[in-house]
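This report goes through the structure shown below.

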Amino acid sequence: MKIRPDQLNASLEKGLQPIYIVSGDEVLLCQEACDSIRKASYRHGIEERLRFVADAQFDWQDVTNELQALSLFSSRRLFDIQIDKLAEKHSKALAQIVQHLSLDNVVLLSLPKVDARTQKSKWFTALEQAGAFIQVWPIDANRLPAWAQQRAKSLNLNLSRDAASVLCERGEGNLLALSQELEKLLLSHGPGAQLDVQTIDETVADSSRYSIYDLSDRLLSGKLKEALHCLQQLRAEGTEDSIMLWLFNRELSTLVELSHLAKQQNFRAACQKLRIWDKRVPLYESAFQRLPINSLAYMQRYIALLDQSIKGLEGPDIELGFRNITLMFCGIKPVMTELDV
């Protein structure tokens, strides 16, 4: 059966399932769901925990043998199994594990995000029917301030809505970072503290740290606000102008090549020819659909002017130039540039 993360504690109070599957990309929420299951197991009399990390060399026979064996120390045991990358080897083994589930043991299976196809597979369906599946979804940006407020309340802190929004912006949506900031605020201001925007501004630094590849992702996906913030941080950290220009030029050149190749073959085949990683294909596809070929040509000419500025020749202001090219990547043309004069 499926259990939402917010339903998990109530379900655990009623009793334990033979198996719990926790899956998702949000590390903090997955960790907390697993911790809740571990604590509940202890409350229900399970004192022995067997920990397994299933990597590529993992021998699943060890788990099978332990499931069939009697414990020397406890009548019930918790099998805590972590799989960071779900491979065919693991799915075959899990198909067999379901045959050894019993009320004598509890299996906690921690998985990365499981796609819809995997959820429909026979082995996964069998495991879900035998116990509980907790699917952890990321918290979208609109709901994040409310999550921060609820988190603060659990720590006996009073966080205003506006302060929560500022805190979430500073933490770039990283739940683990947000949780740590709230714990620091508890230590510095004490239980029951009233936290407003001024308090957050004074005590919480903008701790976002980026690489140029973070900027690349934001440019290609067209996330203007995030791209400009990333650009600002990189500039403040002293990233060299030539490296910044290299990134803009690299992504622009790739998009131009894709445009030419896509006239002869489909977009995915064009990406394969340019050896673009599968996980980055959606980013390039987003930019490809957003930016017509004439915009790409305009951007190339503008980058050439920026290159002149960086070399000490006549050209646009470098700070403004990087901001303009960021706007262009996100599909917004500046009112006027040096090319329009």
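## Cysteines

Cys-230 has a relative accessible area of 0% and is therefore buried. This description, like the rest of the report, rests on a predicted model.

With a disulfide taken as a pair of cysteine sulfur atoms within 2.5 Å, the count for this model is zero. Cys-168 takes part in no disulfide: its nearest cysteine sulfur belongs to Cys-230 and lies 19 Å away. Cys-168 also counts as buried, because its relative accessibility is 8% and the cut-off for buried is under 20%. Cys-230 is likewise in no disulfide, and the nearest cysteine sulfur to it, that of Cys-330, is 11 Å away.

## The sheet as a whole

Five strands form an open sheet in the order β2-β3-β4-β1-β5, and their pairing is parallel. Two strands stand at the edges: β2, residues 48–53, and β5, residues 132–136. Each of these has a single partner strand, so one of its sides has no neighbour in the sheet. From one strand to the next, the twist averages 15°.

In general, the strands of a sheet pair through backbone hydrogen bonds, in either a parallel or an antiparallel manner.

## Strand β3 and its partners

Strand β3 covers residues 77–82 and pairs with β2 in the parallel sense, over six bridges. Within this part of the sheet, Phe-52 stands opposite Ile-81 of β3. Helix α3, residues 61–68, packs on the sheet and touches β2, β3 and β4. The direction of helix α3 makes about 165° with that of β3.

β3 is also joined to β4 by six bridges, and these two strands run parallel. Here Leu-78 has Val-106 in β4 as its bridge partner. β4 itself spans residues 105–111.

## Burial and crossover

How many of the six residues of β3 are buried? Five of them are, so the strand is largely enclosed by the rest of the structure.

β3 and β4 also belong to a β-α-β unit, together with helix α4, residues 88–97. This unit is right-handed.

## Summary

The model has zero disulfides, and both Cys-168 and Cys-230 are buried. Its open sheet has five strands with parallel pairing. Within that sheet, six bridges link β3 to β2, and six bridges link β3 to β4.

Methods
Residues are numbered from 1 along each chain as its sequence is written. This is a predicted model: local features need pLDDT of at least 70, side-chain atom pairs count only at pLDDT 80 or more; totals for chains, interfaces and linings use all residues. Side-chain values use heavy atoms; hydrogens and water are left out. Two strands pair if DSSP finds at least two bridges between them. Helices (H or I, at least four residues) and strands (E, at least two) are DSSP runs, numbered from the N terminus. Axes are lines fitted to C-alpha atoms, for helices over the stretch in contact, and angles run from 0 to 180 degrees between N-to-C directions. Contact means heavy atoms within 4.5 Å. Buried means under 20% relative accessible area, exposed over 50%, partly exposed in between (1.4 Å probe, protein chains only). A crossover is right-handed if, with the strands pointing away from the viewer, the path from the first strand over the helix to the second runs clockwise.
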